[in-house]
Amino acid sequence: MLINAQLLLQFQRCQRRPFLDVHGDYLQREIPNELVLKVQQDKIAHHQRIVKKLSYYEPDYPSGNWQAGAAATLELMQQGVNYIRRGVLLTTYGEKYTLLSRPDLLVKQPGKSRFGNWNYVPVNIELGKRPKQEYQVVIAFHAQVLATVQDVILSKAGLILRDKDKTYVVDLDKWTPQMLDILHEYTQVIESAAPPEIFISRQKCNLCPWYNYCYAKARSQEHLSLLPGVTPIRYTQLQNLAITTLEALAQTHASTLENLTGFDSNVAAKLVVQAQSVFTKQPLILPNPCSPEYLTFTAPIELYFDIEAQPDLNLNYLLGVLVVDRVTNTEQFYSFLAETPEAEPLIWQQFLNLVDQYPQAPIYHFCAYEVDTVKRLAKLYRTPHSHIQPVLNRFIDIYEQLIQSVALPIDSYALKAIARWLGFAWRDQEANGAKCIYWYDKWLETGDRTLLKIIQDYNEDDCRATRTVKDWLVNFFISA
């Protein structure tokens, strides 16, 4: 059985995924979504920017014939070429496994090896901006296989990261033992009769092709990882107390949990109420909720604000504001759109001009991004502090108000999960912020204005969803 670096990479992120990749039914996998495709395209572009500067050789072999690829790579190494791109390295591991290594680059350096007075060091080209553990473990894997091919144990390997001028040097004396432990654990999991237990972690799971498959199983089991606030550490603590079901957690007294690792009195109380909310399918007020006074009124005019951004370009290309006039019972949505990156200062000024027309209106948003971005744009475009501070003072984060005050019978406190529970529907059910990044890139590439319309509709719906959540929260506390 082959073990390659990609399997080892995925194993570090989720032990269940490589088991499913090897043993699962591929019909249960989802096709890659737009964000996955964008990441793949960005990685290819980054790789090509690096290698185009090099005079490299690439082994020639029939696709998928790893033995032929390894032989072709070995021939290039014996010739002593300076750079080998996507070389193929093979070695055995135990009795059952073959390790397949395909580092992005093999770089020639002075030193002894079976080839002569030179050897090779593996270098990977990564899209990330920092040397994550998973990157260093993978390059240690490549170095371990390379050691058997050239009869030299290396102490260093390299990572070329995004936006970095120098190659990051990986200490193999540190990372090789960790890699070997992970490799051993991987083989134990792969040889098991059943996959590792499900644990839904949205930040890590959302882009996985097995996400819907695992999520459906977790829902059928009412798995505690679906409960907001249950982290892997807290889940382990709950298991140690034999609290394995939603009902059991809902019936647990908070004092039982508050001294455990990963808990305190506030976390324990909130988690028990969260379980009670999901178990009873009812919204519940949290212990010691934050004061909601400034939410439990209706302002004559209210603004709802949402931003769409392209992080790779460091660009905020759409500032959307929904103006709700409760006196005249009217509302209007303003979409300040930068059709090119150069238009960002223009839409920033348009945004300021609009909010300045309503100096007393609260500006509602969901999560901290809007506040952080307004501060950044004000600094970037030298907006006077005397101008921007009164605007910032009007910002009200609905997300913070909600999570500090109530528990809802949902498995995520993302805007979509909350608003959909309240009955709000986005015009494009599949649209999300990640897809908007992809669509904006495509707009810049193709000039297809329908993509801009989809993004603007989505942004407006986000503003309206924020209003839906705010109105519900106000009414909930009025009627409580």
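Predicted model: local features only at pLDDT ≥ 70, side-chain atom pairs only at ≥ 80, totals over all residues.
The buried residues in question are Glu 370, Val 371, Thr 373, Val 374, Leu 377 and Ala 378. These residues lie on the same side of α13, because the arc they cover around the axis is only 165°.

Helix α13 itself comprises 12 residues, 369-380. From its first C-alpha to its last, α13 reaches 16 Å, close to the 16 Å expected at 1.5 Å a residue. Just after α13, Arg 382 takes a positive phi of about 55°.

The chain to which this helix belongs has 18 helices and 15 strands. Its overall properties are tabulated below.

| Property of the chain | Value |
|---|---|
| Box filled by the C-alpha atoms, along the principal axes | roughly 85 × 55 × 40 Å |
| Residues that count as buried | 49% of 480 residues |
| Accessible surface | about 23800 Å² |
| Share of the accessible surface belonging to carbon and sulfur atoms | 51% |

With regard to contacts between residues at least 6 apart in sequence, 66% join residues at least 24 apart. As for charge, the chain carries 47 positive and 51 negative side chains. The centres of these two sets lie 4 Å apart.

Key. Residues numbered from 1 in each chain as written. Heavy atoms only, no water. Helix = DSSP H or I, 4+ residues; strand = E, 2+ residues; numbered from the N terminus. Expected span 1.5 Å × (residues − 1). Buried < 20%, exposed > 50% of the residue type's maximum accessible area, 1.4 Å probe, protein only. Arc of directions from axis to C-beta. Contact = heavy atoms within 4.5 Å. Areas by Shrake-Rupley, 256 points an atom, 1.4 Å probe, with all protein chains shown as cover. Lys, Arg positive; Asp, Glu negative; His and termini not counted. Charge placed at Lys NZ, Arg CZ, Asp CG, Glu CD.
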